[in-house]
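Visitor: I would like to go through the labels used for this model and set each one against its cut-off. Could we take them one by one?

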Amino acid sequence: MNRIISSRASCNPISLFSFFTTQFRSFAANPHHRSTSFEKYVHQRCRSGNLEVDEALSHFHSMIRMHPLPSIWAFNHLLSTISKKNQFSTVLCLYREMRDYVLLEPDLCTFNIVMKCLCSLKKVDLGFPVLGVLLKHGLQPDYYTLSTLLHGLCTQGLMVSALELFRDIVDKAHPCNVVTYATIINGLCKDGQSLKALGLLRQMHENGRMKPDVECYNTIIDGLCKEQQLDEALSLFQDLIKKRVLPDVITFNSLIHGLIKFDRWEEAARLLSDMHDRGVSPDATTYNALIDLLCKQGKIDKAISLFELMSRKGIKPDVFTFNSLIDCFCKLVKLTEASQYLQKMIDCGVSPNVVTYNTLLDALCKKGRTLEALNLVQAMIDHGVKPDIVTYNSLMHGLCCSGEWKEAIKLLNMMKSRAVSPNVFTFNILVDALCKERRTKEALTILGLMTRRGLHPDLVTYSSLLNGFCHLGQMEKAMRLFNGMVSRDIFPNTWTLNILLNGFCEQGVMDKAEKLVEAMIQRGIKTDTFSYSILIKGYCLRGDMDTAQQVFDQMAVEGILHNTVSYNTLVNGYIKGKRIDIALKLLKDMIMKGLLPNQVTRHILKSIHSKRLVGSV
């Protein structure tokens, strides 16, 4: 510890050392005067609020060397100040150092500080031995001592022990106040036991020892709302009113949020009106909760009305308010309005954050408006907001979807210069885009770059590459890649195997396709409707309609439902085999089962119609 102190002290400026030397020299003539005067000085420095840890440590070691020693009162001030700086371990080290001085007798305040530090370090188990030392010194714990230990147990999720301690406090009439009850109530609510907390609240009323305050009620009301016990929360609110406890904005915020979450808008509106009648002013949190939930439900007009009311009431919207509105506009594909509210946000003096820009950027990219998205990134940088990985991934995805994969690769290089590290998702976007462009060679180059940067390809990476090779008919390369994937303990799912299955069927290699399906079943990988539709397509391409029909019928035996795709595939095969009557029968069966025709079905019907016209001629 002395090494720590000396190293900290060595960092202090020489002028500070000179200042303390001057201060101490004036006290040298009278040790008792020196001690009491220094105590007063330390007390003043602690109360000033600007006493830093290094200076506090210097004072502590000056005091510990004084003869006579200053009172424990002065030491407690320093320990408390260091504790408030979250230097809990330092306080414990100083306490151990104090124990070496027989004449320095710790008091209740000292022990309370030490226990608070132990609990803050999540070492509540060490707090109880300190309580034992306190009792050996002939001291009695006060409500703060016991509430501190109770809070420590609750914070560490040790609710069984916390309840045992609480019952011991109540049953043996140990010091207890509203804070003690509030502590255990808060712990129970955070642990999802709000109904048990409600029981304790009622116990407070019944024993008459103390009156619960609004904070006790707020904690339970909020907990009940989060646990979907909304009616219990509303009942407790009525109880609060009857007991003449004044609800505050937190009370109303919890209830309003809960009501809106369960679509009980009329009750929420009445509660908002009640809030006004009781002289409780809604704050930004109240309006944000309402606006956010309206936005999540797509009720943008109601959200805007509330936003305007908020402004008329003189409550300034914050970044959360605007982000909710912009996100809703983007999801409703109202990008002009989203851009307008971004500008309104800036005009109101609210700084957009990275979430604001990313939301609008992603929406623009999904609509293929990549030029506007690039301009938005520049505006983002101009406003001092640094683009993050989400920004670049959205932009890269937008460029790739627009066929601008070369620009996307340039963006990857730009990320490095701007100190933004790409992740697996970044590389997957590029690999997938290149494979769709049939540029598997470039995709493999990106895969190499990915591994060199210490990133591990995942199932999505390999699936994109497999899809690329299969579309090119390069099944040998696809199988080598597949085997390499499995050797890296990346195991396929139904989607991945369907890609390979489609490749084999497209090439007409039905024996390998059948073996793949068998392997899927043996390894417990579920075949789905698309697996069977692919097999049906493969047999149809070979003109083997009998086997295609058998596969179609097998689906029902396996409990796999037919869909429009499986019907269309088989129908198309029968049409190519000039068996139109069977094709029509299948289409009628499909409609009877409630499956809706899609664009492919309509094309098939037109094909049947034209073939029949030709046949009649």
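This is a predicted model: local features need pLDDT of at least 70, side-chain atom pairs count only at pLDDT 80 or more; totals for chains, interfaces and linings use all residues.

Visitor: C295 takes us to α17. What makes the span of helix α17 agree with expectation?

Guide: Helices are DSSP runs of H or I with at least four residues, strands are runs of E with at least two, and both are numbered from the N terminus. The expected span of a helix is 1.5 Å times one less than its number of residues. Helix α17 covers residues 284–296, and its 13 residues should therefore span 18 Å; the end C-alpha atoms are 18 Å apart, which agrees.

Visitor: Why is α17 described as largely enclosed by the rest of the structure?

Guide: Because 10 of its 13 residues are buried. They are T286, Y287, N288, A289, L290, I291, D292, L293, L294 and C295. These buried residues pack against α15 (249–261), α16 (265–277), α18 (300–312) and α19 (319–331), where contact means heavy atoms within 4.5 Å.

Visitor: What is found at the start of α17, and what just after?

Guide: At the start, a side-chain oxygen of D283 comes to within 3.1 Å of the backbone nitrogen of T285. A polar contact is a pair of N or O atoms within 3.5 Å; within protein, one must be able to donate a hydrogen and the other to accept it, and residues adjacent in sequence count only if both atoms are side-chain atoms. Just after α17, G298 has a positive phi of about 75°.

Visitor: How do you know that the span of α13 agrees as well?

Guide: Helix α13 (residues 214–226) has 13 residues, so it should span 18 Å at 1.5 Å a residue; its end C-alpha atoms are 18 Å apart. V214, C216, Y217, N218, I220, I221, G223, L224 and C225 are buried in α13, and the buried residues pack against α11 (178–190), α12 (194–207), α14 (230–242) and α15. Q228 follows α13 with a positive phi, near 65°.

Visitor: What makes F237 and F252 an aromatic pair, and why is the pair called edge-to-face?

Guide: Rings of Phe, Tyr and Trp (its six-membered ring) pair if their centres lie within 6.5 Å; planes under 30 degrees apart count as stacked, over 60 as edge-to-face and the rest as tilted. The whole structure has eight aromatic pairs. The F237 and F252 rings are 5.5 Å apart centre to centre with 70° between the planes, an edge-to-face pair. This pair links distant parts of the chain, with F237 in helix α14 and F252 in helix α15, 15 residues apart. F237 has a relative accessible area of 2% and is buried; F252, at 0%, also counts as buried.

Visitor: Why is the pair of F307 and F322 called edge-to-face?

Guide: The centres are 5.4 Å apart and the planes 70°, which is edge-to-face. F307 lies in helix α18 and F322 in helix α19, 15 residues apart. F307, F322, F329 and Y341 form one aromatic cluster.

Visitor: What makes K344 lie over the face of Y341?

Guide: A charge sits over a ring if NZ of Lys or CZ of Arg is within 6 Å of the ring centre and within 35 degrees of the ring normal. K344 lies over the face of Y341, 4.4 Å from the ring centre.

Notes. Residues are numbered from 1 along each chain as its sequence is written. Side-chain values use heavy atoms; hydrogens and water are left out. Buried means under 20% relative accessible area, exposed over 50%, partly exposed in between (1.4 Å probe, protein chains only).
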